[in-house]
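The exercises below are to be worked through with the sequence and the model side by side. Each task is followed by a solution that goes step by step.

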Amino acid sequence: MLEIMGSTLFNLLTWPFALWTMLLGTLIGIVVGILPGLGGRLAIALMIPFVFGMDMIPGAVFLLSLHAVTGTSGQFTSIMFGVPGEGDAAATIVDGYPMAKQGKAGLALGASLMASGIGGVLGALFLAIMIPVVKPIVLAFSPAEFFLLALLGITFIAYVSGNDIFKGIIVGLMGLMLSFIGMDPQTGTARYSEHFLFMWDGIDLISAVLAIFAVPEMIALGVRGGSISNVSRATSGYDMKQVFQGCRETFNHWGLVFRTSLIGAVIGVIPGLGGSAASWFCYGHAVQTSKHPERFGHGAIEGVIAPETANNSKEGGSLLPTLFFGVPGSSGMAILLGAFLILGIQPGADMMTKNLDVVWYLIWALVLSNILAVAILIFACRWVTLLTFVRGGLLIPFILVICVMGTYLAAGQWENLVVLALLSILGYGLLHYNWPRAPFVLGMVLGRIAEESLHKALNLWGLEFFLRPLSLVLIGLILATIGWAIYKGRGPKMPDTAAMGGG
Amino acid sequence: MRSVLMNGKVLFSLLVLGFFVVMVTVALAYPAKARLMPLVIGIPGIAFSLLQLCLEIRAAMRVVAKPRDARSEFEKYQDEINRFAGDTKVSLDIIKEEPTMTVTEAPMDAAEEARRLKVMFSYFFATVAGVIVFGFWVTIPVFLVCFLRFVEKDSWKFALMVAGIATAGIYVLFELVMHMFLFRGLLYEAMLDRGWLGG
């Protein structure tokens, strides 16, 4: 294990292309985290076509670096303006914004940046430490269990992605159905594509991801026509001395940083808890463990440090179920999983045995990209803040052009543009009527693997496969998740809670 | 009843149900192994989406206004903190404040929203069609100019400048640096096949 740790770090540091992709991914992640109207998931979806054809490691490093740092820059608008850049940055507003109004914006920014960086690094180390712990569990799963794991993954993502788990499950099943389009590997039958040769390899995943995520977001942004109004008072401004002081202040709260990093990573491991749960939970923990809890809500620096460490450390935790079980820890991880599969990174037992070096490359990428993001933001924060004033409407045509280009470049087939156009109607419908979209992507991504697993399972054990202990556990988890969702009010909505109208 | 059937949510649920029904029906014609997974997934899909459709129809028939959540964003944060902070009560300065930066949206009725939706989709579909017929190098600059000028209401000068810079940038990055060649369109390929371009 130590040998792999050392060799992968050395290889990464001496691989110019991989370092370049890490830097590029980090920069794009920083920009995306702060730009209004964009988000981490959209950015990953947009970038997938351009890593298609890349070597596995640089491509994965690029996307993971991008994903890992979007939360780091999102705190700028939380602290400076009281508006969360990314949804998970909301908890930072509670004490960060009052600090800015007290003239301590630099202090808050410095502390949050350093906390983010340390949290990200500790989250990656948590993942590394957990590898030998989960190894026996991962190896106990046979490839046949992947069918039930796919259904479990869809159920979890359906739970975390929206307010109605049944809608999420339906959408996941739709994604699975679309993944069956194309040549069936078992029988050679051209399913749903007899007259369309370009679909014999299936619906292009990149076209589907862009159509379901990116295009509808831009259409909706164009329909809303939102714009950022003038800032109602002069921003307090900050000086670099305060920023550095804030960075040092983080180290004065080492115990809190360590505890909240650990809590965030553990929450990240558990699919279905949701991204913001880590931040709020750790904020609550900071309040409960403070000797002076009355300071919270009025500009306590611990109220900035705690949620930010958790926000970044959870990414390391959420990679664990994603890489080893194929169950994404969040909706962002669902899209990342799709990208990993395109690059040839197959989740499961092989990641523990044959491809452990890939896991370590990703761990080091998490560590280095977090350090890089902090370093860049500390020195470039003034200029980065200007990005918040970019007009949302200006982004729309460029994002749409990137979508169309990406769809074509992925497979070099213009027919995929037709698929993009048609699926974007479905994607907009899902967005407009509040159906979650992440399960769709997961269904498309895992469909073929799930089918292959089911056939293997039936060949080996017949229908008794469903009575195996692990299968029963997985079925129990699926039912428990659905039951819990209904109990917590995330089940199908009954008439007396329906909203008026309906679009 | 007509208003129920014209309800957008009901129609969308019906569309989803229709999707599963069609997929399962077509799958029945395939050999046993080929139709296994479509049926394993499609039949529960029909069941779930039928349930969802029934719920949407019931909701549309008994339209009840959902009590508007009058809490501000910051007051919602207070609730999140109270969930996790246990017995410790935290009072927030920000509850009495407004965010420094506000996102304003132009007031819009349903007709205006529908118009904008048609405009956005028209631009998008026209772009896709344009790329297929005329290729990227004609469609990208035309789309950018038209969108910036007629939708974003920027000046001709700004629109042309931005479109020019963007198109040039894409050409340099993709064709010259990365050697990723963008589609030139079916029209170009047809002209090439007929020898009209001397290729």
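**Exercise 1.** Which residues form a nonpolar patch on the surface, and about how much accessible area do they have together?

*Solution.* In this predicted model, the patch consists of A:Phe251, A:Trp254, A:Phe258, A:Leu262, A:Val266 and A:Ile270, with about 560 Å² of accessible area together. Assigning the members to elements, one finds that helix α11 (residues 254-269) of chain A gives the largest share, 4 residues, while A:Phe251 has its place in helix α10 (residues 240-251) of chain A. A:Phe251 counts as partly exposed because its relative accessibility is 39%.

**Exercise 2.** Find the salt bridge of B:Glu56 and explain why the pair joins two chains.

*Solution.* The partner of B:Glu56 is A:Lys167, and the closest N and O atoms are 3.8 Å apart. Since B:Glu56 lies in helix α3 (residues 32-61) of chain B and A:Lys167 in helix α8 (residues 165-179) of chain A, the pair joins two chains. Both B:Glu56 and A:Lys167 are buried.

**Exercise 3.** Describe the salt bridge between A:Arg191 and A:Asp184, and decide whether each residue is buried or exposed.

*Solution.* The two side chains meet at 3.8 Å, N to O. A:Arg191, at 0% relative accessibility, counts as buried, and A:Asp184, at 1%, likewise counts as buried. Widening the view, A:Asp184 and A:Arg191 are linked with A:Glu451 in a network of salt bridges.

**Exercise 4.** What separates B:Glu112 and B:Arg115 along their helix?

*Solution.* These residues form a salt bridge with closest N and O atoms 3.1 Å apart. They are 3 residues apart in helix α5 (residues 110-134) of chain B, so about one helical turn separates B:Glu112 and B:Arg115.

Methods
Residues numbered from 1 in each chain as written. Chains lettered and ligands numbered in written order. Predicted model: local features only at pLDDT ≥ 70, side-chain atom pairs only at ≥ 80, totals over all residues. Heavy atoms only, no water. Patch = residues over 30% accessible without salt bridge, like charges linked within 9 Å, V, L, I, M, F, W, Y side chains within 5 Å. Areas by Shrake-Rupley, 256 points an atom, 1.4 Å probe, with all protein chains shown as cover. Salt bridge = Lys/Arg side-chain N within 4 Å of Asp/Glu carboxyl O. Buried < 20%, exposed > 50% of the residue type's maximum accessible area, 1.4 Å probe, protein only.
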